[in-house]
Structure formats: C-alpha cells, structure tokens
Amino acid sequence: MQVNVLLIAKEQSSADASASSFIANEKEISTRENNVAKIKVVVRKRPLNKKEIYQKEDDIVTVDENVLTVHEPKLKVDLTAYVEKHEFCFDAVLDEHVTNDEVYRVTVEPIIPIIFQRTKATCFAYGQTGSGKTFTMQPLPLRAAQDLIRFLHQPVYHSQRFKLWLSYFEIYDGKLFDLLSDRK
C-alpha cells in the first residue's frame, strides 16, 4: 500500500503587519491564519490498484483521524504469524475515499487568504512512483488560481497592486520540468 505526502509551507514576510489592516473579513481570516502552521504535513492513502487487487494483496494501511497505521504481517522464528502495528501521526490523514475537493479544502484553501497578507506559500507532493501524486495534485493549481483571482477581484485588494506569480513544477528522475511551459 502506498501513500503520498502533501507538504504545505508558508513563509511570513516583514510586510505582514502593514498588510493586515487591509484584510476583509479580518476575524475569519485571522482564525484561518492561526489554524495554518508554518509547515503542514498531510497524507492521502490511495486505494489498492487493479494489479494489487488481482494479486489479492492485503490492504495493510488504516486511517483514523490524523493517524495512519501500517499493519505489517510478520512471522516469528517458529513460523507463527503475527501483525506488527506502526502508527504515524500527521497534521491530517485522508483516506482512499476522500475527493480531490476535500484534499483542496484541507490543504490549499486555508493558505489562500494568508497569501494576501504578503506571505509566500508552497504546496508539493512527495512519494514513490505510483503513489498517487499526479492524481492528487493535478486539480489543485487550477482551484488555487481560481480562488486567488477571486480574492484579487475583491475591492479591498484592487488598490494594493498585488503581483501574482504561479509556478507548477515536476521533479522526476533528477530533472525539473515546468508544467506551465510544456514540460521545458
């Protein structure tokens, strides 16, 4: 069973204090900001794939709240079978039934308003080949761009002359690909 890891990082700039007076719906955004850590680690479990199902492999990963448990089958010296549990805690753990919309709501959506307080934000997926990174990440940049543009159109931000830079990269086999420029 494979899982992929989403890491979300935010970096506060020195202009944060001066920008905070321009925030619309300040209490709501302040509450969101307090709920966004500088680095947040989110794990999404993927379902067994067709090959794993065909080979009758066991699903040995369970999800409960922010804990992912791996139930590792083992054999004792006398060949008695037993299962060793390995528990891992994360900021959030999403099971194999969660939608990409929910992934977005848990990972990227909370950092969108914070960007408008002069903060930089990064979201990336990490995991082995076949763990579901592309499936998980593919819809996130478009949703983020839509939300960023929606925020930019709010009257409070019109006069602030925000500049928006977006990048979407893939690092594969030691090579960097720009996914917004035909993988150059």
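Buried means under 20% relative accessible area, exposed means over 50%, and partly exposed lies in between (1.4 Å probe, protein chains only). Keep that at hand for the tour.

This is a predicted model, where local features need pLDDT of at least 70, side-chain atom pairs count only at pLDDT 80 or more, and totals for chains, interfaces and linings use all residues. Residues are numbered from 1 along each chain as its sequence is written, and side-chain values use heavy atoms, leaving out hydrogens and water.

**Stop 1: two loops**

Most residues other than glycine have a negative phi. Select leucine 79. Its phi is positive, about 70°, although leucine 79 is not a glycine. Look for leucine 79 in the loop between β4 and β5 (81-89); strands are DSSP runs of E, at least two residues, and helices runs of H or I, at least four, numbered from the N terminus. Is leucine 79 buried or exposed? Leucine 79 is exposed, because its relative accessible area is 63%.

Now select glutamate 65. The loop between β3 (61-64) and β4 (67-75) holds glutamate 65. Phi of glutamate 65 is also positive, near 55°. Glutamate 65 is exposed, with a relative accessible area of 68%.

**Stop 2: two helices**

Select helix α4 (residues 100-107) and α7. They pack at an angle of about 55°, with axes 10 Å apart. That makes α4 oblique to α7 (angles under 35 degrees are roughly parallel, over 145 roughly antiparallel, 65 to 115 roughly perpendicular, the rest oblique). Axes are lines fitted to C-alpha atoms over the stretch in contact, and angles run from 0 to 180 degrees between N-to-C directions.

**Stop 3: inside α7**

End on isoleucine 149, in helix α7 (residues 140-152). Isoleucine 149 is partly exposed, at 43% relative accessible area.
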